[in-house]
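Hi everyone, thanks for coming.

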Amino acid sequence: MRGRILTSTLTLLERKPGSRPSTAAIAEHAHVSIGTVYRYFADMDAIIEELRLAAVHDITTRLSSSIGRAMDQQPFDAMVTVVEGLTSAFEAHAAVIRASYTSAESAFGDAWAEVEGPLLPLARIIPTRLRPDLDDAAIDDLVFITMGATASLCSRIALLRPPGSDRDALIATTARMLLAAFGHAGTLVT
């Protein structure tokens, strides 16, 4: 029953991006009573929070896989792999991310810390390869700032991309920007 309510919520979120359905609409779509919805969830924010947690888990998994694939690639290709992976993950969960931004009790931006934390050791690999001249503290600072920039840029591509814009070109530009942040200008031209 819980799964049916969550699936119905997700379907309704995807049908009307940027609009949160009412619990009554969810109950109707799930073919359950409103009381059943409230038996499993205190309110709409609780439903969104559960969907957000599932999205965070999947985004973390996808980003980890992208970082793993990027490890043996040339710098530009590695950046494109990471940016593409995170952008695709955000696109896959766009409805939940948008609903989370409007939630009274949670914000998807706060969830980035949940994604970022377990990935910090992996996130250090590419900058350490590109900048062997930096000590651990400088690498940590670089990773801190570029992880935030990467999340922001990828979410903009995934959620706010203007109609008619070239997704692949935006990803390539983002990869170049990140390489520039790493001080790796030699790989900016591909």
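Let's start with Glu-50, which makes a salt bridge to Arg-2, with 2.6 Å between the closest N and O atoms. Glu-50 sits in helix 4 and Arg-2 in helix 1, residues 2–15, so this pair ties together parts that lie 48 residues apart in sequence. Both ends are partly exposed: Glu-50 has a relative accessible area of 26%, and Arg-2 comes in at 32%. Do keep in mind that this is a predicted model.

As a reminder, side chains of opposite charge can pair when their charged atoms come close. How many salt bridges does the model have by our rule? The count is 10.

Another one joins Arg-167 to Glu-91, and here the closest N and O atoms are 2.8 Å apart. This pair also links distant parts of the chain, with Arg-167 in helix 10 (residues 167–181) and Glu-91 in helix 5 (residues 75–92), 76 residues apart. Is Arg-167 buried or exposed? Arg-167 is buried, at 18% relative accessible area, while Glu-91 is partly exposed at 27%. These two also belong to a network of salt bridges that links Glu-84, Glu-91, Arg-161 and Arg-167.

Then there is Asp-133, which pairs with Arg-131 at 2.7 Å between the closest N and O atoms. Asp-133 counts as exposed, because its relative accessibility is 56%.

Last, back to helix 4, residues 44–70, which also holds Thr-60. Thr-60 counts as buried, at 14% relative accessibility. Leaving out residues up to four places away in sequence, Thr-60 touches Glu-114, Val-115 and Leu-119. Thanks, and I'm happy to chat!

Terms used
Residues numbered from 1 in each chain as written. Predicted model: local features only at pLDDT ≥ 70, side-chain atom pairs only at ≥ 80, totals over all residues. Heavy atoms only, no water. Helix = DSSP H or I, 4+ residues; strand = E, 2+ residues; numbered from the N terminus. Buried < 20%, exposed > 50% of the residue type's maximum accessible area, 1.4 Å probe, protein only. Contact = heavy atoms within 4.5 Å. Salt bridge = Lys/Arg side-chain N within 4 Å of Asp/Glu carboxyl O.
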